[in-house]
Amino acid sequence: MKNIYNQCRNMPNIERDHPTIVGRILWARRMYRRLQIPYLEFLKRKELQSNSRMKKITNDFLIVANGLAIYELVYHRHWFVRFLFMFD
């Protein structure tokens, strides 16, 4: 997941008929959902919660999820600033 994020963050796959900034925000949200679903399945299993690898998985999840949240926030702020300048 980290590799996909690093490869695509500059030029993510944007759906047709979406503005660039909105497409980037939607891409970040899709990536987060793709990451969150398997992670939640890991959390449901009691035997995996005490495993040492689970700590690494949790740490990796938090790093990538944080990166995606920051990515989304940066492009949301960029969109908001552009929106404000349209009406000034």
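Helices here are DSSP runs of H or I with at least four residues, numbered from the N terminus, and the expected span is 1.5 Å times one less than the number of residues.

The model is predicted, with local features requiring pLDDT of at least 70 and side-chain atom pairs pLDDT 80 or more, while totals for chains, interfaces and linings use all residues. Residues are numbered from 1 along each chain as its sequence is written, and side-chain values use heavy atoms, leaving out hydrogens and water.

Next, select Asn51, which caps the N-terminal end of α4 through a side-chain oxygen 3.1 Å from the backbone nitrogen of Arg53.

Within α4, display Met54, Phe61, Val64, Ala65, Leu68 and Tyr71, which are buried (under 20% relative accessible area; exposed is over 50%, partly exposed in between, with a 1.4 Å probe and protein chains only).

Turn now to the three salt bridges (a side-chain nitrogen of Lys or Arg within 4 Å of a carboxyl oxygen of Asp or Glu).

- Glu72 and Arg29: the closest N and O atoms are 2.7 Å apart. Glu72 lies in α4 and Arg29 in α2 (residues 20-44), so the pair ties together parts 43 residues apart in sequence.
- Asp60 and Lys56: the closest N and O atoms are 3.1 Å apart, and both residues lie in α4, four residues apart. Asp60 is partly exposed at 23%, whereas Lys56 is exposed at 53%.
- Lys44 and Glu41: the N to O distance is 3.3 Å, and both residues lie in α2, three residues apart.

Key:
Helix = DSSP H or I, 4+ residues; strand = E, 2+ residues; numbered from the N terminus. Polar contact = N/O pair within 3.5 Å; in protein donor to acceptor, adjacent residues only side chain to side chain.
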